[in-house]
Structure formats: C-alpha cells, structure tokens
Amino acid sequence: MPTAFQKELVTLAHRLADLCDLVAIALEEATRSVLESDHTLGGRARDQGAAVTSLGAACEDQACALLALHAPREAEVKAVVAAVHTAADLTRMGGLAREVAEARGPVPPEARPALGRLGGHAVAAARALRVVLVGGDGTGLGDAVSLVGSAEREVRAWADGREGPRVAGFAVELALLAAVYGRFAATAARIGHRAKGSTPSEA
C-alpha cells in the first residue's frame with residue numbers, strides 16, 4: 001500500500017504534468033502569434049510563460065517540503081530531486097516559448113509551412129512529455145523530438161538559401177528561432193529520460 005509520502009509524490013507528478021500542459025499551450029500560442037503576426041496571441045503566450053514560472057516555483061517548493069516533512073528512502077529522495085530538476089527544466093521551456101512569442105516578423109509566406117510544422121512537432125513533444133510525467137511510456141515523445149529535429153533542419157535549409165539584404169536579415173532570425181524550438185525539444189527529451197528512471201517502487 002502506498003505511503004503518505006508516495007501519495008504526495010504522485011500529486012507532485014500530476015502538478016508537474018499540469019505545468020507541462022501550460023508549457024505546451026504557451027508554445028502553441030507563441031507559434032501562432034509568429035505565423036500570424038498576432039500581437040494578442042503573443043501577449044497571451046507571454047502570460048502563459050509567466051504562469052509557467054509561477055507554477056514551476058510552486059512545484060519546487062512542494063518538492064522541498066516533501067524532503068523536509070518526511071524521512072524518505074534513497075530511491076524516493078532521488079525521485080524528489082528529479083522533480084525539482086523537472087520543474088526547473090519545464091520553467092526553462094516556458095522561457096523558450098516566450099522567446100518564440102517575442103520573435104520579430106512577419107514570417108515570409110514561403111517559410112510558414114516549415115515553421116508551422118516545427119512548432120507543431122515541438123508542441124507534440126511537450127504533450128507527449130506530459131504522458132511520461134504521469135507514468136506513460138516515452139514512445140510518442142521520442143517520435144516527436146525526432147520530427148522536431150527534421151523540421152528544424154528544414155527551416156535552417158530554407159534560411160540558408162536566402163539572399164539579398166531584405167530577406168537575409170529575417171533568414172538569420174528564422175534560423176535562430178528554429179534553434180529555440182530545437183532547445184525546447186531537447187529539454188523535453190532530457191526530462192522524459194529522467195522521469196522514466198526516477199519513479200520509486202511502492203513499499
């Protein structure tokens with residue numbers, strides 16, 4: 001039968017999953033704001049990023065309280081430490097979503113499909129990560145992260161092929177934006193790997 005500590009750890013895991021939901025929503029709205037040059041959506045994405053920061057801090061506080069109020073076993077301590085790192089990494093992902101929302105545009109029409117695919121795959125990675133955080137397998141996450149890598153290369157290839165001062169400037173911005181999505185997906189992959197190796201067994 002699960003102990004009180006283990007039940008609280010499950011509650012923390014679901015709270016981290018809620019944090020992951022916020023991250024996915026923030027990136028989805030940030031991507032739409034860039035593709036549509038919609039400042040309202042950009043503002044909403046930045047608000048979601050602020051909510052991510054707030055909930056991430058609350059998750060870290062909850063994890064620290066678990067250590068302070070209980071006498072967990074070694075495996076359980078590792079799970080709590082992993083939760084602290086996960087909260088911090090998800091907060092960073094929220095920051096990357098804000099970076100997307102703050103990107104300068106407009107995106108050239110011919111680049112929008114590739115950037116849309118990149119954003120969609122990155123959002124899918126965050127949603128697949130949520131499944132991992134509540135005990136699911138990581139198959140969907142691995143597939144999404146791989147697709148982000150392919151889409152990032154596609155966007156970079158488009159940017160590298162631009163010439164002329166008017167388009168070259170935004171081509172550089174677009175390449176940098178693609179790298180932000182790449183870091184977002186890489187962070188999701190790191191969290192997923194950690195989560196699969198840090199769940200303590202029940203007593």
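Q: Why is Ala26 called buried?
A: In this predicted model, the relative accessible area of Ala26 is 0%. The cut-off for buried is under 20%, so Ala26 counts as buried.

Q: Where does Ala26 lie, and which residues is it in contact with beyond its neighbours within four places in sequence?
A: Ala26 lies in helix α1. Beyond those neighbours, Ala26 is in contact with Ala45, Gln48, Gly49 and Ala97. A contact requires heavy atoms within 4.5 Å.

Q: How far apart are Ala26 and Glu8 in sequence and in space?
A: The two residues are 18 residues apart in sequence. From C-alpha to C-alpha, Ala26 and Glu8 are 27 Å apart in space.

Q: What makes Ser33 a buried residue?
A: Ser33 has a relative accessible area of 5%. Buried means under 20%, and Ser33 is therefore buried.

Q: Which helix holds Ser33, and what does Ser33 contact?
A: Ser33 belongs to helix α1, residues 4-36. With neighbours within four places in sequence left aside, the contacts of Ser33 are Asp38, Leu41, Gly42 and Ala101.

Q: Why is Ser37 called partly exposed?
A: The relative accessible area of Ser37 is 40%. Buried stops under 20% and exposed begins over 50%, so Ser37 falls in between and is partly exposed.

Q: Where is Ser37, and what is its phi?
A: Ser37 is placed in the loop between α1 and α2, the latter being residues 39-69. Its phi is near 50°, a positive value in a residue other than glycine.

Q: How do you know that α1 and α3 are roughly parallel?
A: Helix α1 packs with helix α3 (residues 74-101) at an angle of about 15°. Angles under 35 degrees count as roughly parallel, and α1 and α3 are therefore given that description. Their axes are 9 Å apart, and α1 passes α3 in a left-handed crossing. The contact of α1 with α3 has 20 nonpolar, 5 polar and 1 charged residues by class.

Q: What makes α2 and α3 roughly antiparallel?
A: The packing angle of α2 and α3 is about 170°, and their axes are 9 Å apart. An angle over 145 degrees counts as roughly antiparallel, so α2 and α3 are roughly antiparallel to each other. By class, 14 nonpolar, 6 polar and 3 charged residues make up the contact of α2 with α3.

Q: Why is α4 called roughly antiparallel to α5?
A: Helix α4 (residues 112-133) packs with helix α5 (residues 139-160) at an angle of about 160°, with axes 8 Å apart. That angle is set against the limit of over 145 degrees, so α4 is roughly antiparallel to α5. The crossing of α4 and α5 is left-handed. By class, the contact of α4 with α5 has 16 nonpolar, 2 polar and 3 charged residues.

Q: Which residues of α4 and α5 meet?
A: On the α4 side, they include Leu115, Leu118, His121, Ala125, Leu129 and Val132. On the α5 side, they include Leu141, Val145, Val148, Ala151, Glu152 and Val155.

Q: What makes Gly120 partly exposed?
A: Gly120, found in α4, has a relative accessible area of 39%. Partly exposed lies between the buried limit of under 20% and the exposed limit of over 50%, so Gly120 is partly exposed. The C-alpha atoms of Gly120 and Ala24 are separated by 9.9 Å, although the two are 96 residues apart along the chain.

Q: How do you know that Cys20 and Cys59 are too far apart for a bond?
A: The closest cysteine sulfur to that of Cys20 is in Cys59, 11 Å away. Seen from Cys59, the closest cysteine sulfur is in Cys20, also at 11 Å. A disulfide needs the sulfur atoms within 2.5 Å, so the pair is too far apart for a bond. A search of the whole structure finds 0 disulfides.

Q: Why do Cys20 and Cys59 each count as buried?
A: Cys20 has a relative accessible area of 1%, and the value for Cys59 is 1%. The limit for buried is under 20%, so Cys20 is buried and Cys59 is buried.

Q: Where is Cys20, and what does it touch beyond residues up to four places away in sequence?
A: Cys20 is found in helix α1. Beyond those places, Cys20 touches Leu90, Ala126, Leu129, Arg130 and Leu133. Cys20 and Val132 are 112 residues apart in sequence and 10 Å apart in space, C-alpha to C-alpha.

Definitions and conventions
Residues numbered from 1 in each chain as written. Predicted model: local features only at pLDDT ≥ 70, side-chain atom pairs only at ≥ 80, totals over all residues. Heavy atoms only, no water. Buried < 20%, exposed > 50% of the residue type's maximum accessible area, 1.4 Å probe, protein only. Helix = DSSP H or I, 4+ residues; strand = E, 2+ residues; numbered from the N terminus. Axes fitted to C-alpha atoms, helices over the stretch in contact; angles between N-to-C directions. Parallel < 35°, antiparallel > 145°, perpendicular 65-115°, else oblique. Left-handed = near helix turned anticlockwise from the far one by under 90°. Nonpolar A, V, L, I, M, F, W, Y, C, P; charged D, E, K, R; others polar.
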